Amino acid sequence: MVQGKPGDGLPRGEFLLIRLLLIPMVRTFFTWHVAFWLFKREARIIISLLEELEEEERLQQVVIDKTFAIEDHSRQFSLNMVIEHLCITGRKVLGIITALTEEREFNEAVTIEGVKPFENRSGTLEDFKLFIDEYKIFFTALPKHQSTMTKPHPWFRSFNNFDWSAFMYMHTFIHRRQIESILKALKESR
């Protein structure tokens with residue numbers, strides 16, 4: 001059975017790899033448009049993986065093996081729970097990027113527990129498609145300067161608006177891999 005509770009975090013090695021290697025690499029080699037293109041690519045992959053499935057399959061919770069950058073608590077999600085998490089987190093990040101771009105503080109608390117899915121519910125794939133459209137419109141209109149104002153990520157460090165934009169790709173990529181692990185577990189359970 002899966003252990004842990006929301007927000008317990010990642011194993012120390014994964015945490016350090018992300019904080020000391022992956023985040024600095026993204027800051028160095030990504031641009032606004034590269035991060036956006038990669039985010040859209042991940043979203044397309046997720047939609048293509050899920051839209052042919054029946055809703056009952058998307059609602060089935062399974063326990064997956066340890067997956068890089070997925071905390072232990074989240075290893076027992078359904079596909080719909082992952083999608084709900086992506087929507088909750090994505091909309092929160094939109095608010096953060098907006099505030100930081102305007103050089104305002106984002107005063108709302110950002111916690112791992114606060115972006116977990118509320119329930120295992122139907123309809124999350126359609127909500128995800130709507131969110132992707134919202135993000136595309138938002139990003140197209142976004143002034144592409146790097147803010148001096150920052151907002152800390154609950155696990156890593158303070159991010160400016162560009163960092164949060166790049167985070168959208170990294171976060172979606174990580175959860176696309178979780179989705180693939182869930183699909184594998186569902187197939188094996190048949």
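Biologist: Which residue caps the N-terminal end of helix 4?

Modeller: Bear in mind that this is a predicted model: local features need pLDDT of at least 70, side-chain atom pairs count only at pLDDT 80 or more, and totals for chains, interfaces and linings use all residues. Residues are numbered from 1 along each chain as its sequence is written, and side-chain values use heavy atoms, without hydrogens or water. Helices are DSSP runs (H or I, at least four residues), numbered from the N terminus. A side-chain oxygen lies 3.4 Å from the backbone nitrogen of N80, and the capping residue that carries this oxygen is S78.

Biologist: How far apart are the end C-alpha atoms of helix 4?

Modeller: The expected span is 1.5 Å times one less than the number of residues. Helix 4 (residues 79–101) has 23 residues, so it should span 33 Å. The model agrees, with its end C-alpha atoms apart by 32 Å.

Biologist: And is helix 4 roughly parallel or antiparallel to helix 6?

Modeller: Their axes, lines fitted to C-alpha atoms over the stretch in contact, come within 10 Å and cross at roughly 180°. Angles over 145 degrees, on a scale from 0 to 180 between N-to-C directions, count as roughly antiparallel. Helix 4 and helix 6 are therefore roughly antiparallel.

Biologist: Nice! Which residue's backbone oxygen does the side chain of Q178 reach?

Modeller: Q178 sits in helix 6 (residues 161–189). With a relative accessible area of 0%, Q178 is buried (under 20%, 1.4 Å probe, protein chains only). At 2.9 Å, its side chain reaches the backbone oxygen of S74.

Methods
Helices (H or I, at least four residues) and strands (E, at least two) are DSSP runs, numbered from the N terminus. Buried means under 20% relative accessible area, exposed over 50%, partly exposed in between (1.4 Å probe, protein chains only). A polar contact is a pair of N or O atoms within 3.5 Å; within protein, one must be able to donate a hydrogen and the other to accept it, and residues adjacent in sequence count only if both atoms are side-chain atoms. Angles under 35 degrees count as roughly parallel, over 145 as roughly antiparallel, 65 to 115 as roughly perpendicular and the rest as oblique.
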